[in-house]
Amino acid sequence: MNYISIKNIDNLSQWVQDALKIKKNPLKNKKLGKNKTLGMLFFNPSLRTRLSTQKAALNLGMNVMVMNFTNEGWTLEFEDGVIMNQGASEHIKEAAEVISQYCDIIAIRAFAGLIDKEKDNAETVMAGFLKHATVPIVNMEGATGHPLQSLADAITMEEHKTPHRPKVVLTWAPHPKALPQAVANSFVEMMQKQENMDFVITHPQGYELNPEITKDSKIEYDQDKAFENADFIYAKNWSNYNEYGQITNADSNWTVTAEKMALTNNAKFMHCLPVRRNMIVTDEVIDSENSIVIEQANNRTYSAQLVLQKILNNVK
Amino acid sequence: MNYISIKNIDNLSQWVQDALKIKKNPLKNKKLGKNKTLGMLFFNPSLRTRLSTQKAALNLGMNVMVMNFTNEGWTLEFEDGVIMNQGASEHIKEAAEVISQYCDIIAIRAFAGLIDKEKDNAETVMAGFLKHATVPIVNMEGATGHPLQSLADAITMEEHKTPHRPKVVLTWAPHPKALPQAVANSFVEMMQKQENMDFVITHPQGYELNPEITKDSKIEYDQDKAFENADFIYAKNWSNYNEYGQITNADSNWTVTAEKMALTNNAKFMHCLPVRRNMIVTDEVIDSENSIVIEQANNRTYSAQLVLQKILNNVK
Amino acid sequence: MNYISIKNIDNLSQWVQDALKIKKNPLKNKKLGKNKTLGMLFFNPSLRTRLSTQKAALNLGMNVMVMNFTNEGWTLEFEDGVIMNQGASEHIKEAAEVISQYCDIIAIRAFAGLIDKEKDNAETVMAGFLKHATVPIVNMEGATGHPLQSLADAITMEEHKTPHRPKVVLTWAPHPKALPQAVANSFVEMMQKQENMDFVITHPQGYELNPEITKDSKIEYDQDKAFENADFIYAKNWSNYNEYGQITNADSNWTVTAEKMALTNNAKFMHCLPVRRNMIVTDEVIDSENSIVIEQANNRTYSAQLVLQKILNNVK
């Protein structure tokens, strides 16, 4: 069993309930991971993912080996058949097979480069490990998805569930740097699995996510209209998918403000963090009682622990 | 309970005795830290602090998660109310609150930048974590203090205590790079808590430490005179506090030599390490039997372990 | 007991048998390392060594503290008697003595610089730790040897042993970057301890390894002739030892191809990894059934575990 995408969740509501059970008693399965080793491989920076996934593994009694590939290991080659006379010292084939011998589960973070759309969509690093590793792989944010985050988001929404069928809005917001679409993609895929929620995506014209991911999810280009009666506002920036990796819009009118939040049904404010204050969201909103971003981060531990627990139960 | 400054020590002689008890049987409280996690956050390089604090946590049975913020995480913003459209990706508010959810204790190393005196004196990083974290904070060397070091120094002096009231001298010594005042500051504050010791600070004119720290501690500008009858010579460089962060003196006459040590009462030589040989101190002195620098480093484990133990006992 | 060189192996065939016993039941001695700490110090990148040595220590129940000296610690000075007014912040003497107080075993990786032959041959870093540390030292690849690798190689050859006296060939192969001789050196030294094997080294004229290491080992400059009837082909690049650290040959005729392998007695293909595909060896050969490079990497865990186990048994 791998956890690469929201698609790997067979029954979202069951997973959420299981995670909430773990949250109530995180050390209950302390023996499950005994003498099992999680290898965490980072090709990019990480705070929440680094610490929460480690914490989840420790809660399960696992050993953890952390490795920053960028400065601690060798540059990897992902293409087959090349003459390796350039910068890359090691082929993914050997790297993945070798690491599989030292670890029971391999977790990988490898962001989109945002230069080559095809390469990013191919998830070169993640796919390389999936193809050549002989142990389960966990996605700690790939080029096109961040499923541990979106599972944590689902857990957090369950904890704040409304008595009525809620309206959930994913809103684009401006950011000074070009960011990947990964978090937004997985959030969309997770929402598509929610049976009792209404879901709207709002973003400027031209900022459409990959249509193979959004499918028939509702898109509303008028942010104000999208916010009307919303119960959850999930803010996130992403760079342009069509003009791939470009910033074609920096309109501060898309920042989530108290005025915008006033249009909602007293909505909770969500973001995956790290967040640029007063770009994505004003201090007023993120510091308000309706902000549940810190809880989202907390649930990263239980989302990771659920995934590790399922894999360990499967491996045994 | 936090451990940010020597001021947090309520009873120095009792703490020293407690640390010496830990040193005799470091694994006695191996169960105290079970299922507790220490997060160690580094904004600067570290050898002794990195390894001794980790060792202390392991002796207490704690889990340890180490993170180098500079290359593994996100650049933090410490100002409130700013529009985060520059280099910083995450605000200290979120970072501190989030990490508090994964760790039971957070330990932080964040040196003085030596450019902006006011900012350094404000201990921007440490203060940010103190303000926003929801778990205890341990100072692994901040901009203005290094209290784990000075506690280890107090332990080391107790192990070498003289039958008479000792004279302890903190002497400035030359160094090719501009260094913070942190170690000197905490040593001064620790000495001010010593009831049965005489204390003298010696340094070139103009190299006065922050007077709010030195208070009425005796300053003697004549190094030779200061060394007379000394029982402990603690050498340390710091950059100019008045002409902030500048090196205005590189006089090799301030290097601690065998001739200088001959003026003392067969004094022990102390330094926090890392030390520049033949700049701060000659090989002859640091390699002599009177040098106790290696023992000081050893006591870093027990100083950290005492602090963690006190916090864990408090947290339970 | 230190493990610095193949010379530290008193009885190679016994060590190999012991390692194979560990491989059958790696967790048998889980209590041996309890409350013991392995400090792993890296002055260079590492994947296999980093993870397999950690894994070995965890199998023995040890604590592990990993430190990348290059970006996490201080630049070290290795010369005695110098005035430390340049880049180095700490002398090896203090560093080694201090770390010895926090760790029960210190493992070190410090590659050849390939600029100063004398300095590399002196193994400045390893020798500095050996001289000043007060706990056992393990070589995780030094300037002139990589004995954990060669021990793993010996284990792997034993697992594939031929019914007849085997012929083992160490062959040089081209590489775009100047590499150290360490792996080749230790392989030669290990082969010199093999009593029931024939051993041939093949490389271009001028690419002789240090004659003090090769001694009377057979050298054959004709690669094809060397490959005839070989049972094991061990490929490795190294830079010129005579024109020290230079690449004076990049002849792709030395690449190990299927044609070359056809000259052998259905030989196994070996390499320490990371390997440059289609430079050192063609895809066809390394992906063939006769390639045992992944098994070699796997045996790194058991080679390290045997060494740690021997040291722990010695230390107790």
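Q: Contact means heavy atoms within 4.5 Å. With that cut-off, how many residues do chain B and chain A give to the contact between them?

A: This is a predicted model. In the model, chain B gives 31 residues to the contact and chain A gives 33.

Q: How many salt bridges does the rule find between chain B and chain A, and which side chains give an example?

A: The rule finds four salt bridges across this interface. An example is the pairing of A:Arg277 with B:Glu94, with 2.7 Å from N to O.

Q: Which elements of chain B form the side that touches chain A?

A: Two or more residues each come from β2 (63-68), α3 (69-72), β4 (90-91) and α4 (92-102) of chain B. The largest share, eight residues, is from α4(B). Sorted by class, this side of chain B holds 14 nonpolar, twelve polar and five charged residues.

Q: What are the corresponding values for chain B and chain C?

A: Here chain B gives 32 residues to the contact and chain C gives 30. The two chains bury about 2800 Å² between them, with 56% of it on carbon and sulfur atoms. Of the area that chain B buries against chain C, 22% is supplied by B:Leu47, B:Leu51 and B:Arg277, more than any other three residues.

Q: How many salt bridges and polar contacts are there between chain B and chain C?

A: The rule gives four salt bridges across the interface of chain B and chain C. One that can be located in the structure joins the side chains of B:Arg48 and C:Glu90 at 2.7 Å, N to O. The count of residue pairs in polar contact between chain B and chain C is 15, both residues being at pLDDT 80 or more.

Q: Which elements of chain B face chain C, and what classes of residue are found there?

A: The elements of chain B that give two or more residues to this side are α2 (48-59), α12 (283-286) and α13 (293-315). Of the elements, α2(B) gives the most, with seven residues. The side of chain B that touches chain C divides into 14 nonpolar, eight polar and ten charged residues.

Q: Which rotation superposes chain B on chain C?

A: Two copies of a chain are related by a rotation about an axis and a shift along it. For chain B and chain C the rotation is 120 degrees, the shift along the axis is 0.0 Å and the RMSD is 0.0 Å. The two copies are therefore related as by a three-fold rotation axis. To find the axis from chain B, look at B:Asn71, whose C-alpha at 5.3 Å comes closest of the residues of chain B.

Q: Why are the surfaces through which chain B and chain C meet called different?

A: The test is how many interface residues of chain B are also interface residues in chain C. Only 3% are, so the copies meet through different surfaces.

Q: Within chain A, what does the domain assignment give, and what separates the domain centres?

A: Chain A is assigned domain 1 (6-145 + 300-315) and domain 2 (161-291). Their centres, taken over C-alpha atoms, are 27 Å apart.

Q: How do domain 1 and domain 2 of chain A touch?

A: In the contact, 17 residues of domain 1 of chain A meet 21 residues of domain 2 of chain A. The domains bury about 1500 Å² between them, 59% of it on carbon and sulfur atoms. On the domain 1 side, A:Ile6, A:Leu114 and A:Lys117 lose the most area, together 41% of what that side buries.

Q: Which polar features link these two domains of chain A?

A: Across the interface of domain 1 and domain 2 of chain A, the rule finds one salt bridge and six residue pairs in polar contact, with both residues at pLDDT 80 or more. The largest share of the domain 1 side, three residues, comes from helix α5 (residues 117-121) of chain A. That side of domain 1 has seven nonpolar, four polar and six charged residues.

Note on methods: Residues numbered from 1 in each chain as written. Chains lettered and ligands numbered in written order. Predicted model: local features only at pLDDT ≥ 70, side-chain atom pairs only at ≥ 80, totals over all residues. Heavy atoms only, no water. Helix = DSSP H or I, 4+ residues; strand = E, 2+ residues; numbered from the N terminus. Nonpolar A, V, L, I, M, F, W, Y, C, P; charged D, E, K, R; others polar. Domains from an automatic or database assignment. Buried area = accessible area lost by both parts, 1.4 Å probe. Polar contact = N/O pair within 3.5 Å; in protein donor to acceptor, adjacent residues only side chain to side chain. Least-squares fit on C-alpha atoms with pLDDT ≥ 70 in both.
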